[in-house]
Each structure stands twice: as C-alpha cells, then as structure tokens.
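Here is a friendly walk through one protein model, from its strands to its ring pair and its charged contacts. Please keep the viewer open as you read.

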Amino acid sequence: MSIQDTLKQLGLEIPPVPGALAAYIPSKRSGNLVFTSGQLPLVGGKLKKTGKVGKDLSLEEAKEEAKQCVLNALAATLLHIESLEKIKSIVKLGVFVSGTPDFTEQHLVANGASELLAAIFGDKGKHARFAIGVSSLPLDASVELEMVAEVE
C-alpha cells in the first residue's frame with residue numbers, strides 16, 4: 001500500500017506547509033537528510049488549542065496536537081522531495097511539551113507523534129526521540145516537534 005493510501009485509510013492528509021513565524025525556513029536538506037524546523041500544531045495557519053497540558057489540554061488532546069505537528073513536519077519535508085515514498089527512514093524526533101509544573105507525561109504526548117509515524121511508514125517510521133517539558137512555546141502552543149528524515 002502506498003503512503004498516500006495509508007494516509008487516506010487513516011483519514012489524514014498532508015496540509016500546506018505552515019509559514020515560518022520568525023527568521024527561519026520550514027526545513028533544510030543536507031545530503032540525504034531533511035531537518036525540519038520546530039513545527040507547531042497549526043491548522044490553516046492557526047492553533048486550534050492553546051495552553052498547558054495538564055491544565056488547558058488533556059493528555060489525549062496533546063497527543064492529537066503532536067499528530068498535527070507530524071503532518072506539518074511531513075509537509076515541510078515535501079519541500080525537498082517529490083513524494084513521501086522517497087522517505088527511507090524517520091531518523092529522529094524532538095518533542096517539546098508545554099505543561100504544568102507537575103505534568104510529567106511528556107513521553108506519552110510524544111507517543112502520539114511516534115505512533116502516527118509508525119502507522120504511516122511501518123518500520124521506516126521507527127526513530128530515536130526525545131520528549132521534554134518546557135514552560136512555554138511560541139503562540140502558547142502545547143506541543144512543538146522537530147523531525148529528521150533520511151530521504152532518497
């Protein structure tokens with residue numbers, strides 16, 4: 001099954017690349033690696049939810065936000081390849097979670113992103129990862145994600 005078929009089966013589509021919010025580009029290719037800038041869970045250029053995980057968003061809501069970050073990171077990756085079929089491997093994710101001081105389940109928020117990549121790419125979606133808690137993120141987002149992909 002193609003990646004497009006898998007996305008369709010999951011009820012997902014790759015959105016347009018979110019515009020940069022400051023002085024950076026959405027992604028950069030170096031050799032066979034594509035590095036994305038931090039991707040927020042923007043939909044149509046706006047955040048659907050804002051605030052801290054553990055106060056304003058539940059764990060499940062934050063996992064959904066992480067999934068949107070993945071879709072945006074894939075869109076940024078497509079600036080350098082003609083199709084998602086050209087992704088050989090998702091190498092690494094970095095997931096930042098804005099939570100309350102007592103929120104300690106950043107790793108579970110990041111699982112939303114990791115599980116989606118595994119569902120889309122199978123074994124090629126397995127990756128190294130970090131997930132850390134932060135006191136705030138741009139635009140009061142709850143999650144920000146960066147991704148490194150190996151491409152053909």
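## About the model

This is a predicted model, in which local features need pLDDT of at least 70, side-chain atom pairs count only at pLDDT 80 or more, and totals for chains, interfaces and linings use all residues. Residues are numbered from 1 along each chain as its sequence is written, and side-chain values use heavy atoms, with hydrogens and water left out.

## The aromatic pair

Let us begin with F96, which is partly exposed at a relative accessible area of 22%. The scale used here calls a residue buried under 20% relative accessible area, exposed over 50% and partly exposed in between, with a 1.4 Å probe and protein chains only. F130 is also partly exposed, at 26% relative accessibility.

These rings belong to the one aromatic pair that the structure holds. The ring centres of F96 and F130 are 5.5 Å apart and the planes meet at 80°, so the pair counts as edge-to-face. By definition, rings of Phe, Tyr and Trp (its six-membered ring) pair if their centres lie within 6.5 Å; planes under 30 degrees apart are stacked, over 60 edge-to-face and the rest tilted. Strands (E, at least two residues) and helices (H or I, at least four) are DSSP runs, numbered from the N terminus.

Strand β2 runs antiparallel to β1 (residues 27-30), and four bridges join the two; strands pair if DSSP finds at least two bridges between them. S30 stands opposite L33 here. The hairpin of β1 and β2 has two residues between the strands, and G31 takes a positive phi near 65°. Strand β2 is also joined by three bridges to β7 (residues 143-151), again in an antiparallel arrangement, where L33 stands opposite E150.

## Salt bridges

Side chains of opposite charge can pair when their charged atoms come close. How many salt bridges does a search of the whole structure find? The search finds seven, where a salt bridge is a side-chain nitrogen of Lys or Arg within 4 Å of a carboxyl oxygen of Asp or Glu. One of them joins K67 to E64 at 3.0 Å, N to O. Both residues lie in helix α2 (residues 59-77), three residues apart, or about one turn of the helix. K67 is partly exposed at 28% relative accessibility, and E64 is partly exposed at 44%.

Another salt bridge, K86 with E152, has an N to O distance of 3.6 Å. This pair links distant parts of the chain: K86 is in the loop between α2 and β5, and E152 is in the segment after β7, 66 residues apart. K86 counts as partly exposed at 27%, whereas E152 is exposed at 52%.

E150, the residue opposite L33, forms a salt bridge with K88 at 3.7 Å, N to O. E150 lies in strand β7 and K88 in strand β5, so the pair ties together parts that are 62 residues apart in sequence. E150 is partly exposed at 23%, and K88 is partly exposed at 41%. Finally, salt bridges that share partners join E82, K86 and E152 into one network.
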